[in-house]
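Work through the exercises below with the sequence and the coordinates at hand. Each task is followed by a solution in steps.

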Amino acid sequence: MAKSYRICLVCRQLFQPINNKNTSYCELHKPKDTRHRVHNKAYDDTEYRKNRKKIKELQKECQWCQTRGSTQNKLVCDHIVPLSRGGSHHIDNLRILCMQCHNKRQGRDHR
Ligand SMILES: [Zn+2]
Ligand SMILES: [Zn+2]
């Protein structure tokens, strides 16, 4: 059972890789994974705000039930492919739904 040691590119110390056998950094100096942060910022995206404005001008009614919205049932901008599944803020992935349909949809295919 040979233990494999590597030399950290930052501190030049020998270390033993724990999970990732191909890493060239010790636990202290391994590159931070930033992918987890993207999701929180997603709704603050300038592309989203721009395209949401556009789609609201194009679609004046709910794409499912054709209601034009009311104070009880507002129209909202919906992502056809949810961001959590890799959907984008592209205008092709946006549509207008009323609150009722949007809630129905979330109940139905949320995960
Ligand atoms: Zn190091
Ligand atoms: Zn609707």
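From the N terminus on, the elements run β-β-α-α-β-β-α, where helices (H or I, at least four residues) and strands (E, at least two) are DSSP runs numbered from the N terminus. The model is predicted: local features need pLDDT of at least 70, side-chain atom pairs count only at pLDDT 80 or more, and totals for chains, interfaces and linings use all residues. Residues are numbered from 1 along each chain as its sequence is written, and chains are lettered from A and ligands numbered from 1 in the order in which they are written.

**Exercise 1.** Determine whether Lys53 is buried or exposed.

Solution. Step 1: locate Lys53, which lies in helix 2 (residues 46-58). Step 2: apply the cut-offs, by which a residue is buried if 20 or more other C-beta atoms, placed from the backbone, lie within 10 Å of its own, exposed if 12 or fewer, and partly exposed in between. Step 3: Lys53 has 11 other C-beta atoms within 10 Å, so Lys53 is exposed. Step 4: for the protein as a whole, buried residues are 7% of the 111 residues.

**Exercise 2.** Find how strand 3 and strand 4 run and how many bridges join them.

Solution. Step 1: strands pair if DSSP finds at least two bridges between them. Step 2: strand 3 (residues 75-79) and strand 4 are antiparallel and joined by 5 bridges. Step 3: one bridge links His79 to Leu94 in strand 4. Step 4: strand 4 (residues 94-98) is largely enclosed by the rest of the structure, because 4 of its 5 residues are buried.
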